[in-house]
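Subject: Structure handover and notes

Hello,

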Amino acid sequence: MGTIDWRERTRPVDRGLHEALVAKCQENGWLKRGGYDWQDDPWLEEYPYEFVEAEDVSALRGFLGCGNWAIRTGIVYDDLAFIQQVNGGDEWWTLKKAPDGWEAFESWTFGGILERGTEFERAVASMQMATPEECLRLDYMLPETESPLDWRFVRTEGIAPTGEVVPCRAFVAKTAEGYEGRVFERPGLPGFCMEVRRTDPPALLLCQEGVKRPLGAAALCERVLPAAAAPGSRSLSDAVRSARGCSDSLPQRTAAPARTAEGR
């Protein structure tokens, strides 16, 4: 893995987020004040809690790949936080932002996966798309496939019913054949929306609103997109029917194939 300059693409977290993460660390025996390391050695230097926020997944990857981070050092990316539990080690306490606070669900050792950038980014995108409940069940990874899609997280904006411009989250995957899957937030609507599009000629092929499980919608896209793009493939409706079971919370509905995409 080449050197990734993460310093210009990270910034210290704001005071409120810092305090929330410090409070959460008090639930972890290694990270809390007077934790296990300090119980064994009362003269050990008291390390500060230091957290930064990454602008993009490359900055996250570069930060984690530096190694030799002190205990209680952490990084936030979107709705995820990773906090070092071993002084100079590679054991990151992994947290997911939930409506009522941060939920701890895993301990990640990144090691070699950082060398495989696409695999690392897919793992992070999976955690982002998973609900807090899926994370707590440790059921937060996209399924393994022969041709996994490269999901990209995008920060967007939308107009709420009040007229206010609000930040939104979107996940986009594209195929070499000119098809695109999108799982995204839309202000004023519950859950996420899912779309499958053809880019040339432009057409909206599949659309569903109110998706409760973004991860399930992404898994469905991973089944539908290759089937829709395959030479001599059956209709998209057949491809969707063949993919049933990927997302039990996602009703199946296809848009008219001739519909031209004009933006959301």
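The notes below go through helices, cores, strands, cysteines and some backbone details.

This is a predicted model, in which local features need pLDDT of at least 70 and side-chain atom pairs count only at pLDDT 80 or more, while totals for chains, interfaces and linings use all residues. Residues are numbered from 1 along each chain as its sequence is written, and side-chain values use heavy atoms, with hydrogens and water left out.

Helices (H or I, at least four residues) and strands (E, at least two) are DSSP runs, numbered from the N terminus. Buried means under 20% relative accessible area, exposed over 50%, and partly exposed in between, with a 1.4 Å probe and protein chains only.

Helix H1 covers residues 15–25, and in it Leu17, Leu21, Val22, Lys24 and Cys25 are buried. Seen down the axis of H1, these buried residues fall within an arc of 160 degrees, so they line one face of the helix; the arc is that of the directions from the helix axis to the C-beta atoms. Their cover includes E2, E3, E4, E5 and E6, where contact means heavy atoms within 4.5 Å. At the start of H1, a side-chain oxygen of aspartate 14 comes to within 3.2 Å of the backbone nitrogen of glycine 16. That is a polar contact: a pair of N or O atoms within 3.5 Å, where within protein one must be able to donate a hydrogen and the other to accept it, and residues adjacent in sequence count only if both atoms are side-chain atoms.

Helix H3 (residues 57–64) is mostly covered, with 7 of its 8 residues buried. Those buried are Val57, Ala59, Leu60, Arg61, Gly62, Phe63 and Leu64. Among the elements that cover them are strand E1 (10–12), strand E2 (50–54) and helix H4 (117–129). At the start of H3, a side-chain oxygen of aspartate 56 reaches to within 3.2 Å of the backbone nitrogen of serine 58.

Nonpolar cores

A nonpolar core is a set of buried Ala, Val, Leu, Ile, Met, Phe, Trp, Tyr and Cys residues joined through side-chain atoms within 4.5 Å. The largest has 52 residues, of which Leu60, Leu64, Phe110, Phe120 and Trp151 touch the most other members. Helix H6 (residues 214–229) gives the most to this core, with 9 residues. Apart from this core lies another, of 16 residues, among them Leu21, Phe51, Ile71 and Leu95. Leaving out residues up to four places away in sequence, phenylalanine 120 touches Val57, Leu60, Arg61, Leu64, Phe110, Ile113 and Leu114.

Strands

Two strands pair if DSSP finds at least two bridges between them. Strands E5 (residues 92–98) and E6 (residues 101–108) run antiparallel and are joined by 7 bridges. Lysine 96 has glutamate 103 in E6 as its bridge partner, and a hairpin joins E5 to E6 through 2 residues.

E9 (residues 179–185) is joined to E10 by 7 bridges, again antiparallel, and glycine 181 has valine 196 in E10 as its bridge partner. The hairpin of E9 and E10 has 6 residues between the strands, and in it glycine 188 takes a positive phi near 90 degrees. E10 also pairs with E11 in the antiparallel sense, over 7 bridges, with valine 196 opposite leucine 206 in E11. Of the 8 residues of E10, 6 are buried.

Cysteines

How many disulfides does a search of the whole structure find? The search finds 0 disulfides, a disulfide being a pair of cysteine sulfur atoms within 2.5 Å. The sulfur of cysteine 168 is 9.6 Å from the closest cysteine sulfur, in cysteine 193, too far for a bond. Cysteine 168 is buried at 6% relative accessibility, and cysteine 135 is buried at 0%.

Backbone details

Most residues other than glycine have a negative phi, and most peptide bonds are trans. The bond from aspartate 200 to proline 201 is cis, with omega near -5 degrees; proline 201 is in the loop between E10 (192–199) and E11 (202–211). Aspartate 78, in the loop between E3 and E4, has a positive phi near 55 degrees and counts as buried at 18% relative accessibility. Leucine 138 has a positive phi near 60 degrees.

Regards
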